[in-house]
Amino acid sequence: MEVTMTAEEQKERTARSYKLILLFAMISMTMMFAGLTSAFVVSKSRVDWLKDFELPIAFYISTLVIIGCSVTFYLAKKAIQKDNKSQTTIMLLATLVLGVLFVVSQFVGFGQIIERGYYMTGEGSSITVTFLYIIAFMHLLHLAGGLISLLIIIYNHFKQKYNSTQTLGIELGAMYWHFLDLLWVLLFLFLYFFK
């Protein structure tokens, strides 16, 4: 007996498959950051651990910026579901600008750490700062993937590939972006409270 699917059933099945693949990727990223934060906790017992180290002000700003990214991506998704293409364009571009601003603020934060005399390697380095750099830089690498996917989403949006019945690309991008946002907020809180 041959089972046939309608085009709508095939579309739903494909969407579920893509979302599941993305979910597995996000779980593996979570495990990597769990390993890094575990190593951070274990290393706190070292005698050269900086107990009075303060996060740079730019990291506080970048945390607010990345929360703004989640809001604008959410609004873009809601706008396309209502076939409001102009609002979708504005919100996708706002997300892109905020994403780039997040990256810039992270590098400003790295600069603020260096201005305080702390370096990742060499003389003047400490394991505390090295962990901070590694965790933030690994997040930035994953965010680069998010920015690339966002650029693809914006390109496809301008090519009129999304509408109220075809939102999969925006949904997948929003899932990943929200994950990155939540991940940074949790990492920031971890770094703030577990000095």
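Leaving aside neighbours within four places in sequence, His139 is in contact with Phe33, Ile66, Phe102, Leu180, Leu183, Trp184 and Leu187, where contact means heavy atoms within 4.5 Å. His139 belongs to helix α4; helices (H or I, at least four residues) and strands (E, at least two) are DSSP runs, numbered from the N terminus. With a relative accessible area of 0%, His139 is buried; the term buried stands for under 20% relative accessible area, exposed for over 50%, and partly exposed for what lies in between (1.4 Å probe, protein chains only).

This is a predicted model, in which local features need pLDDT of at least 70 and side-chain atom pairs count only at pLDDT 80 or more, while totals for chains, interfaces and linings use all residues. Residues are numbered from 1 along each chain as its sequence is written, and side-chain values use heavy atoms, with hydrogens and water left out.

The protein holds 5 helices and 0 strands, and its elements run α-α-α-α-α from the N terminus on. Taken along the principal axes, the box filled by its C-alpha atoms is roughly 70 × 45 × 25 Å. Of the 195 residues in the protein, 41% are buried. Among contacts between residues at least 6 apart in sequence, 83% join residues at least 24 apart.

The unreviewed UniProt entry lists residues 20-42, 57-76, 88-110, 130-155 and 176-194 under "transmembrane region"; UniProt positions are given in the numbering used here, feature names are shortened, and annotations may be inferred rather than shown by experiment. In the model, residues 57-76 are 100% helix and 0% strand, with end C-alpha atoms 29 Å apart. Residues 88-110 are likewise 100% helix and 0% strand, and their end C-alpha atoms lie 33 Å apart.

Helix α4 (residues 127-158) packs against helix α1 (residues 7-43) at an angle of about 170 degrees, the axes being 10 Å apart. Axes are lines fitted to C-alpha atoms, for helices over the stretch in contact, and angles run from 0 to 180 degrees between N-to-C directions. The angle therefore makes α1 roughly antiparallel to α4, given that angles under 35 degrees count as roughly parallel, over 145 as roughly antiparallel, 65 to 115 as roughly perpendicular and the rest as oblique. On the α1 side, Met29, Met32, Phe33, Leu36, Ala39, Phe40 and Ser43 meet Phe131, Ile134, Ile135, Met138, His139 and His142 of α4. The residues of this contact comprise 10 nonpolar, 3 polar and no charged; Ala, Val, Leu, Ile, Met, Phe, Trp, Tyr, Cys and Pro count as nonpolar, Asp, Glu, Lys and Arg as charged, and the others, Gly among them, as polar.

Leu180, one of the contacts of His139, is found in helix α5 (residues 168-193). Leu180 is buried, with a relative accessible area of 0%, and touches Ile66, His139, His142, Leu143 and Gly146, not counting residues up to four places away in sequence.

The largest nonpolar core has 52 residues, of which Phe59, Phe73, Leu143 and Trp184 touch the most other members; such a core is a set of buried Ala, Val, Leu, Ile, Met, Phe, Trp, Tyr and Cys residues joined through side-chain atoms within 4.5 Å. Two or more residues come from each of α1, α2 (57-81), α3 (85-115), α4 and α5, and α5 gives the most, with 14 residues.

Tyr118 lies in the loop between α3 and α4 and, at 21% relative accessibility, counts as partly exposed.
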